[in-house]
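Subject: Structure handover

Hi,

Here is the structure for you to look over.

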Amino acid sequence: MLLTRDFSHYVKDVDQEVAHLDLAVEGVTCAACMAKIERGLAAIPDVTLARVNLTDRRLAVEWKKGVLEPALFIDRLAELGYKAYPYEPVRAEVEESERSKFLLRCLGVAAFATMNVMMLSVPVWFGGDLSPEARDFFHWLSALVVLPCAAYAGQPFFLSAWRALSAKSVNMDVPITIGVTLALGMSLVETINHAEHTYFDAAIMLIAFLLAGRFLDQKMRQKTRAVAGNLAALKAETATKFVGPDEIAEVPIAAVRVGDIVLLRPGERCAVDGTVIEGRSEIDQSLITGETLYVKAERGTQVYAGTLNITGTLRVRVAAAAEGTLLSEITRLLDHALQARSRYVRLADRASQLYAPVVHATALLTVIGWVLAGASWHDAIVIGIAVLIITCPCALGLAIPAVQTVASGAMFRAGVLLNAGDAIERASAVDTIVFDKTGTLTLPELDVVNAAAVPADVFHLAGRLALASHHPVAAAVARAAGAKAPLSGVTEEPGRGVRALIDGEELRLGSPSFCGADFEANAILSEDPEVSVVAFSRGDQRTVFAVRQLLRPDAAKTIDALINRGIAVELLSGDREPAVRHAADALGVGAWRAGVTPAEKIAHIEALKAQGRTVMMVGDGMNDAPSLAAAHVSMSPISATHLSQATADLVFLGKELAPVLAAVDYSRKAMSVMRQNLTLAIGYNVLAVPIAIAGFATPLIAALAMSGSSVLVMLNAMRARRVRLGGR
């Protein structure tokens, strides 16, 4: 019977030419594993991308559509010694949970054996008058405790090494397995031959320390994955959709289309992006806005997938569903950040790849060297075992990925998403930040700035009339007025405004000339030239609304903090000079230019770079995409156009500008910790390896030193999430 495997359900289209598949891969434990998998798949013709995410052991593969079958990748991974299957978040979560429990069980067994064998070893170490028979008795007891415990607790390393050797390759676990096996085997032989020393304690302690490090690493990665998991938990799988005027049905989110109307009841999370068309409620949109307080939702309010409805019932017209929502976009950016790797990570990867052949050769040459120097084979092998153990580059393999994992999670909690693997490195070197104004230093929504001066009844009527217009300035009036019910019989005059007849009285909303309010509009513009104006007329009564984008609430504080950190701040905007000057004065920015074209922005950034500046560009909008690409590193708000987001190296959430400061602070801290970790890892090997080769380190001391270096690196990596934001 011919078995066919169809994985097309899991394949996604990147574009018209490239397909994408996510696979969960078992047995990926280190940078060497990642490199072997990526090289093995990249060697397949027509594969355009093979990237392993060690955090969740997920492999992203992209290839030219219509050329390769997805099953080919699973077969290739099997040849490399790894079991793989299509990545499903729920299944992956269960697998990771089971792996954590298994590691914890192994650690418990190893710790139990370590404590007991240490008690048995103390009399041998310090019992100077211990008889040979008593010493043999303690050695046999140690063997009885250690051998079965090591066989069980060492499974994570033994199985990984066996898979690698079966695929005719090596990984970090191969020399660990060789070292442990040699130590146990030699100890058993020594016990049988009534020797004075055995190394049962060193072997089981090595396993215990390695398991402790691997378990801590697993929990750290789970913490970072929890961020993505929390996002996944915000995604509703179904939606309550109107299938008739008064008929609703609960349908899978895949069955919801743009333009559909869904019902959002109290206590439910919204499954779509859309606009409220009926109802009033309070909602929690902290994921998008960063605001933890509930906000009012009524007709015209935008809601996003993941929004929690608190009180009333809402009807929402769908603007985007499933993978098109803003929540899905945030999740993709976070996944990309965890998959991407920086120059420092690649450096550590390459160093780890060299580990197995170098350490095997070093251990072998050490044994041969000691034998040639006159040592016994017993002593030479013991020294070789110590070299195998002490040179394990676990610390080096963890030095950079651990920091990047911690920093990525911390930056997300501060409202920053990475969109490039080396964004942390590049952002840490920034000494100049160039801001766009509209939508970047200002909030994306327009606001009525003279609302307090408008009579309530006039505001209410103007808002209801504004609901009939699609113009953004009219929308700002409707939103500020809290209008919910549009007026009937409204007609629109393109380019001028809208009008309606109410109780024999004509109402108009639109340009000042359309409403006969040029005098009033000119008076407002003379006082505040940067505002936009929209007029409302009711018979002989004229009212002019002044509308503009407000600065982000913490913009001045953030700019001041950046300047205090020694970063030069400039403002480049295509907006009118009065508006740009007002923003620059309010923020304390001395270097600014108005009316700048996209080409001029690029030219200015290039000029700054020619002066030796390291420039970050922060902007949104289509016209900022070229300058974002030209800068050393770039950043966009989540409200930016998709093109800008795709170009930017970092994306920030919420209404505040603080994430820009957070990006700089966390990047600088992360780079400092990365350098410290590399120094620790390399320094450990520089000091420890000669000591081991010289014969001054027993296998027990080697186990303590190697495991201690790994734990130290991971604990130091946790410092990357501690940054004092907002201060000097």
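Below is what I found, by topic.

First, a caution: this is a predicted model.

Helix packing. Two packed helices are described by the angle between their axes and the distance between the axes. Helix H20 covers residues 555–564, and helix H25 covers residues 658–693. They pack at an angle of about 25°, and their axes are 8 Å apart. Angles under 35 degrees count as roughly parallel, so H20 is roughly parallel to H25.

Which residues meet there? From H20 come Thr558, Ala561 and Leu562. From H25 come Ala658, Val660, Leu661 and Val664. The contact of H20 with H25 has 6 nonpolar residues and 1 polar residue, with no charged ones.

Helix H6 has 20 residues, 173–192. At 1.5 Å a residue, H6 should span 28 Å. The C-alpha atoms at its ends are 28 Å apart, which agrees. Just after H6 comes His194, with a positive phi of about 60°.

The sheet. There is an open sheet of 6 strands, paired antiparallel. The strand order is E7-E6-E8-E14-E9-E12. Which strands stand at the edges? They are E7 (247–252) and E12 (302–303). Each has a single partner strand, so one side of each is left without a neighbour in the sheet.

The partner of E7 is worth a look on screen. Strand E6 (residues 238–244) pairs with E7 in the antiparallel sense, over 6 bridges.

Best wishes

Notes
Residues numbered from 1 in each chain as written. Predicted model: local features only at pLDDT ≥ 70, side-chain atom pairs only at ≥ 80, totals over all residues. Heavy atoms only, no water. Axes fitted to C-alpha atoms, helices over the stretch in contact; angles between N-to-C directions. Helix = DSSP H or I, 4+ residues; strand = E, 2+ residues; numbered from the N terminus. Parallel < 35°, antiparallel > 145°, perpendicular 65-115°, else oblique. Contact = heavy atoms within 4.5 Å. Nonpolar A, V, L, I, M, F, W, Y, C, P; charged D, E, K, R; others polar. Expected span 1.5 Å × (residues − 1). Pairing = 2+ DSSP bridges.
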